Amino acid sequence: MNKKHIAILGSTGSIGRQALDVIRQHRDLFQVELLTANNSADLLVSQAIEFDANAVVICNEDRYKEVADALNPHFIKTFAGMQSVCDLVTGDSIDIVLTSMVGFSGLASTIAAVKAGKTIALANKETLVAAGEIVMSLAKEHRARILPVDSEHSAIFQCLMGSAGADIEKIHLTASGGPFRTWSREAISKATRHEALKHPNWSMGSKITIDSATMMNKGLEIIEAKWLFGTPGDKINVVVHPESIIHSMVEYADGSVIAQMGHPDMREAIQFAFSFPERLTLDNRKLDFAQLGSLSFQAPDFDKFPALGLAYSALEKGGNMTCVMNAANEAAVAAFLQDKISFYQITDIVEECMSNADFVKHPDLDTIFASNQETLHKAEETIKRLQM
């Protein structure tokens, strides 16, 4: 395999740090070209020095000088601001762009990389949730390959590899059920931020951990799967699998089901996107089936986790509605993490914003950005009202 040059957008976050661990294990195969971070200046500097990055971007322009001063002696170029990210990902020296920035903020840079025909290792599901039709159309036009990094979508991708052209009966997205799987609705309604952040299986950033607790994360994945694999929503099923060993399954027309399995470890999906179509060794925990003993499955509870129903509804309506849903959720989750609202008010806010949205059936990119901003504003107004 030829050496691949990689840009990691969001290198100081959970996915970015795990991606660098993959590269650390295969320095002969992967070279870091670009690292970006929002605020974590110290960690960005140490990462850039360790991996001899060609350039870095600190998106918070107020922290540019401290990053530049630290990296100048190492001859590592330093830039600031989101526009710099969009400009640099198009560089000829970059082969793969790992998009692991949190939320809607990852859309602009992903589109810039797609238009440059880069291979996208997609870890930012909100990109396809907000603008899936636009992004996938641009990818086709510019021959940009999009490889999924979410463990569930990587699993589906791998399950489909050996069955090209076969009729898909159903995609089964597995969900851990999060920290509140066994709680009553009444108990969940009183859940604190600290309780919601205690995921039983995965170690993730705070936003995605809260999304897992509400099961909005699974809702976002339903929409992402529709665009990645061209599968309608009524053929995407969610099944709760508490052990998180089966990452997802594909059921074919003949009734056979192919599953991809492994311990909860995002490095597997990250490495596969980097090395595709080859598989490399990875220093990780391997499955011991005798020790596992058994695996369990159950249907999700749409009453306890209304985010799932909202996601299916947004997907069915189409247009800019999935963008509205995503923006409202981002604002509501941020408010919950600041103890401004209660747990179920997250989905209450999302539902209210969806009900009052200015619906556009065929949005262009400008409409998507406008819908995001408008919804964030409406959500903030709702949050303020709830605090009164």
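Analyst: Let's start with a term we will need: a pocket is an open set of grid points where a 1.4 Å probe fits, with protein on both sides within 12 Å along at least five of seven lines. The model we are looking at is predicted.

User: Thanks! With that in mind, what volume does the second largest pocket have, and which residues are the closest to its centre?

Analyst: The second largest pocket has a volume of about 340 Å³. It is lined by 24 residues, and Q260, E268, R279, L282 and N284 are the closest to its centre. A lining residue is one with an atom within 4 Å of a point, so these five meet that cut-off.

User: Which elements give two or more residues to that lining?

Analyst: Helix 7 (151–161), strand 11 (257–261) and helix 12 (266–275) do. The largest share, five residues, comes from helix 12. By residue class, the lining of the second largest pocket holds eight nonpolar, 11 polar and five charged residues.

User: On to strand 3. What makes both of its faces count as covered?

Analyst: A55 and V57 point to one side of strand 3 (residues 55–58), V56 and I58 to the other, and all of them are buried. Buried means under 20% relative accessible area, so each of these residues falls below that value.

User: How do you know that strand 3 is paired with strand 2 and strand 4?

Analyst: Pairing needs at least two bridges. Strand 2 (residues 30–37) and strand 3 have four, in the parallel sense, and strand 3 and strand 4 (residues 77–80) also have four, again parallel. Both pairs therefore pass the cut-off. As examples, T36 is bridged to V57 in strand 3, and I58 is bridged to A80 in strand 4.

User: Why is T99 called buried?

Analyst: T99 has a relative accessible area of 2%, and the cut-off is under 20%, so T99 is buried. T99 is found in strand 5 (residues 96–99). Leaving out residues up to four places away in sequence, T99 touches L9, T110, I120, A121, L122, A123 and N124.

User: And why is helix 5 described as largely enclosed?

Analyst: Seven of the nine residues of helix 5 (residues 107–115) are buried, so the rest of the structure largely encloses it. The buried ones are L107, S109, T110, I111, A112, A113 and V114. Their cover includes strand 1 (4–9), helix 4 (82–88), strand 5, strand 6 (119–122), helix 6 (126–142) and helix 17 (365–387). Just after helix 5, G117 has a positive phi of about 75°.

User: One more residue: what makes D211 buried?

Analyst: Its relative accessible area is 1%, and buried means under 20%, so D211 qualifies. D211 lies in helix 10 (residues 206–214). With residues up to four places away in sequence set aside, D211 touches M216, N217, L220, N329 and V333.

Notes:
Residues are numbered from 1 along each chain as its sequence is written. This is a predicted model: local features need pLDDT of at least 70, side-chain atom pairs count only at pLDDT 80 or more; totals for chains, interfaces and linings use all residues. Side-chain values use heavy atoms; hydrogens and water are left out. Grid points are joined across faces, edges and corners, and a volume is the space filled by probe spheres set on the points. Ala, Val, Leu, Ile, Met, Phe, Trp, Tyr, Cys and Pro count as nonpolar, Asp, Glu, Lys and Arg as charged, and the others, Gly among them, as polar. Buried means under 20% relative accessible area, exposed over 50%, partly exposed in between (1.4 Å probe, protein chains only). Contact means heavy atoms within 4.5 Å.
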